Amino acid sequence: MAPAHAETATEKASEKASDAGGSFRLISLLMPSLLSDTPPEPSLRIEDNALATYELRSAPQLPGTIDLTANPDNLWDRIRNGFSMIDLNDDLTLYYQQWYQNRPDALRRMVERSRPYMHYIVQELEARGMPTELALLPMVESSFNPMAYSRSNASGLWQFIPATGKRFNLEQNWWQDQRRDIVASTGAALDYLQTIYEMHGDWHLALASYNWGEGAVKRAIEKNNARGLPTDYANLNMPNETRHYVPKLQALKNIFGNPVLMVQLRLPEILNRPYFATIDTGRTMDVKTAARLANMPLEEFIALNPSHNRPVIKADTPLVIPTDKLETFRSNLERHSAPLTEWQAYTLKHGEKLNQVGSRFGIATPELLRINGLPTRARLGAGTTLLVPAGRGADDIGRLAATPSLPQIFEPEPESRSSSKGGKSAKGGKNKAEGKQASKGGKTDSRQAAGKRDSKQASSKPAGKTAKAGGDSKSASKSAKSGSDSKSASKGSGKAPKVAKSGNGKRG
């Protein structure tokens with residue numbers, strides 16, 4: 001109350017109290033408005049000797065807080081809530097953050113490609129108690145392209161080289177390459193990251209080991225220890241690719257960790273719900289047939305099942321189907337009465353050639369080579385089993401599916417012999433130097449940056465290239481004119497290098 005109002009009310013109360021013979025109404029002290037000359041509002045008018053009633057409104061609700069136990073509708077919110085790695089602040093991080101921000105179209109494409117896989121990866125990370133920043137690692141490794149293949153033979157979302165894939169039980173055989181399998185490769189990658197984190201106790205060093213190899217990082221740490229230098233990520237001596245590796249991930253974390261920036265870049269949301277489920281049919285079927293049963297475009301089905309090397313999925317291989325297509329697939333499979341595959345197994349007989357097999361089963365020889373993963377110039381020995389279109393004279397593919405390893409025998413076709421005057425044609429053979437160089441390339445731990453791992457690298461060149469025989473043609477013609485025989489020509493130009501054997505028909 002205002003002081004003046006209180007004084008006036010007190011004076012009036014005292015005057016009335018004196019008129020009433022000293023009887024004082026206590027309520028006048030508490031509610032001086034009753035003594036006012038102006039009538040109260042209709043809602044506040046009260047009867048004599050009655051107490052006024054006031055309605056108390058509920059207290060305003062406090063601002064909402066983050067509940068880490070609740071699952072938000074937007075998967076990016078769930079990922080942000082799980083960030084737990086120490087931030088890296090350096091010039092390289094700033095450089096790559098600006099680089100990504102200047103290419104919003106590329107970021108949007110990566111987000112769209114990650115949509116089928118991201119929820120499963122985040123779920124697996126949370127189940128293991130690992131930082132959810134690692135869900136962004138396939139953006140650095142492969143740009144979320146499951147068919148990515150690097151020059152160092154790294155393959156899949158997580159870019160496993162063959163040796164590391166075998167170490168973590170990823171099958172790489174004639175039928176499939178599990179380095180491209182979404183479920184199997186994710187489990188192997190997280191197992192590997194956990195192992196190297198426990199080795200170093202630091203996520204930045206674990207990521208460096210994932211890119212460079214744990215042995216190389218360990219040796220770099222030992223060198224710094226011997227010199228009395230710090231052994232953290234920033235102070236180790238490492239290749240440029242590994243030096244730039246963690247800043248790329250940190251730059252992506254800065255972008256996707258900022259909701260306002262994501263809106264400005266128009267990066268799409270991802271629903272926080274499972275995208276796919278796995279189902280085991282127990283039956284051999286074609287990839288095209290499985291996609292048709294799931295009522296899916298073939299490209300979308302392959303994106304979820306990218307590990308198959310052949311057009312046939314062998315029995316007892318789990319299929320990855322979108323959750324909203326799972327019941328459709330089951331019901332269509334139950335009603336499907338036609339054969340599930342259009343391919344059969346055929347065993348080559350003695351002296352039989354590939355073009356004869358192609359003519360017999362109505363398939364062009366290049367297509368027959370492609371389906372069976374064979375090099376262009378390949379001769380197969382008797383007893384080799386091939387996939388051929390279904391027809392008479394072939395075996396049930398179920399027998400082929402049960403075969404643990406196919407007896408593939410690859411021999412390159414001999415080159416067309418070009419005879420020169422007085423000279424002998426070179427014979428094909430193995431180029432040991434090139435073979436060793438190719439094998440070294442497959443064992444290196446160093447992998448290419450994500451921007452260089454595109455689909456164009458999926459078709460790699462054969463390890464060995466045909467070398468020109470007999471040296472330079474000009475020198476050969478000069479020696480012929482001078483009357484020297486073929487032996488002197490061969491001595492002058494050296495022995496003809498041998499031709500390297502072609503690939504073995506397996507990817508990676």
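This is a predicted model: local features need pLDDT of at least 70, side-chain atom pairs count only at pLDDT 80 or more; totals for chains, interfaces and linings use all residues.

Trainee: What's the geometry of Tyr346 and Phe361, in distance and plane angle?

Mentor: The ring centres of Tyr346 and Phe361 are 5.2 Å apart with the planes at 65°, so the pair is edge-to-face. Tyr346 belongs to strand β5 (residues 343–347) and Phe361 to helix α17 (residues 354–361), so the pair links distant parts of the chain, 15 residues apart.

Trainee: How many aromatic pairs are there in the whole structure?

Mentor: The search turns up 11 aromatic pairs. One of them is Tyr120 with Phe276, which is tilted, at 5.4 Å centre to centre and 45° between the planes. Tyr120 sits in helix α5 (residues 104–128) and Phe276 in strand β1 (residues 276–279), so this pair ties together parts that are 156 residues apart in sequence.

Trainee: Are Tyr120 and Phe276 buried or exposed?

Mentor: Tyr120 and Phe276 are both buried.

Trainee: Which residues form an aromatic cluster?

Mentor: Phe160, Phe168, Tyr192 and Tyr210 form one.

Trainee: And charges over rings? Which ring does the charged end of Arg310 sit over?

Mentor: That's Trp174, with the charged end of Arg310 4.6 Å from the ring centre. There's also Arg243, which lies over the face of Tyr233 at 5.6 Å from the ring centre.

Trainee: Which way do the residues of β4 point?

Mentor: In strand β4 (residues 319–322), Leu319 and Ile321 point one way while Val320 and Pro322 point the other way. All of these are buried.

Trainee: What's the C-alpha separation between Ile321 and Ala291?

Mentor: It's 9.1 Å, for two residues 30 apart along the chain. Ala291 is in helix α14 (residues 287–293). With a relative accessible area of 2%, Ala291 is buried.

Trainee: How many residues of α12 are buried?

Mentor: 11 of the 12, so α12 is largely enclosed by the rest of the structure. The buried residues include Lys248 and Lys253, along with Tyr245, Leu249 and Phe256.

Trainee: OK, loops. Where does Asn272 lie?

Mentor: Asn272 is in the loop between α13 (259–264) and β1. Its relative accessibility is 14%, and under 20% counts as buried, so Asn272 is buried.

Trainee: What polar partners does the Asn272 side chain have?

Mentor: One is Arg78: a polar contact of 2.8 Å joins the side chains of Asn272 and Arg78. The other is the backbone oxygen of Pro72, which lies 2.7 Å from a polar atom of the Asn272 side chain. Setting aside neighbours within four places in sequence, the residues in contact with Asn272 also include Asn71, Asp73, Asn74, Leu75 and His119.

Trainee: What's phi at Arg266, and which loop is Arg266 in?

Mentor: Phi of Arg266 is near 55°, a positive value in a residue other than glycine. Most residues other than glycine have a negative phi. Arg266 is found in the loop between α13 and β1. With a relative accessible area of 59%, Arg266 is exposed.

Trainee: And what about phi of Asn295?

Mentor: Phi of Asn295 is near 55° too, again positive in a residue other than glycine. Asn295 sits in the loop between α14 and α15 (298–304), and at 51% relative accessibility Asn295 counts as exposed.

Trainee: Last one, zooming out. How many helices and strands does the chain have?

Mentor: The chain has 22 helices and 8 strands. Buried residues make up 40% of its 508 residues. Of the contacts between residues at least 6 apart in sequence, 72% join residues at least 24 apart.

Technical notes. Residues are numbered from 1 along each chain as its sequence is written. Side-chain values use heavy atoms; hydrogens and water are left out. Rings of Phe, Tyr and Trp (its six-membered ring) pair if their centres lie within 6.5 Å; planes under 30 degrees apart count as stacked, over 60 as edge-to-face and the rest as tilted. Helices (H or I, at least four residues) and strands (E, at least two) are DSSP runs, numbered from the N terminus. Buried means under 20% relative accessible area, exposed over 50%, partly exposed in between (1.4 Å probe, protein chains only). A charge sits over a ring if NZ of Lys or CZ of Arg is within 6 Å of the ring centre and within 35 degrees of the ring normal. A polar contact is a pair of N or O atoms within 3.5 Å; within protein, one must be able to donate a hydrogen and the other to accept it, and residues adjacent in sequence count only if both atoms are side-chain atoms. Contact means heavy atoms within 4.5 Å.
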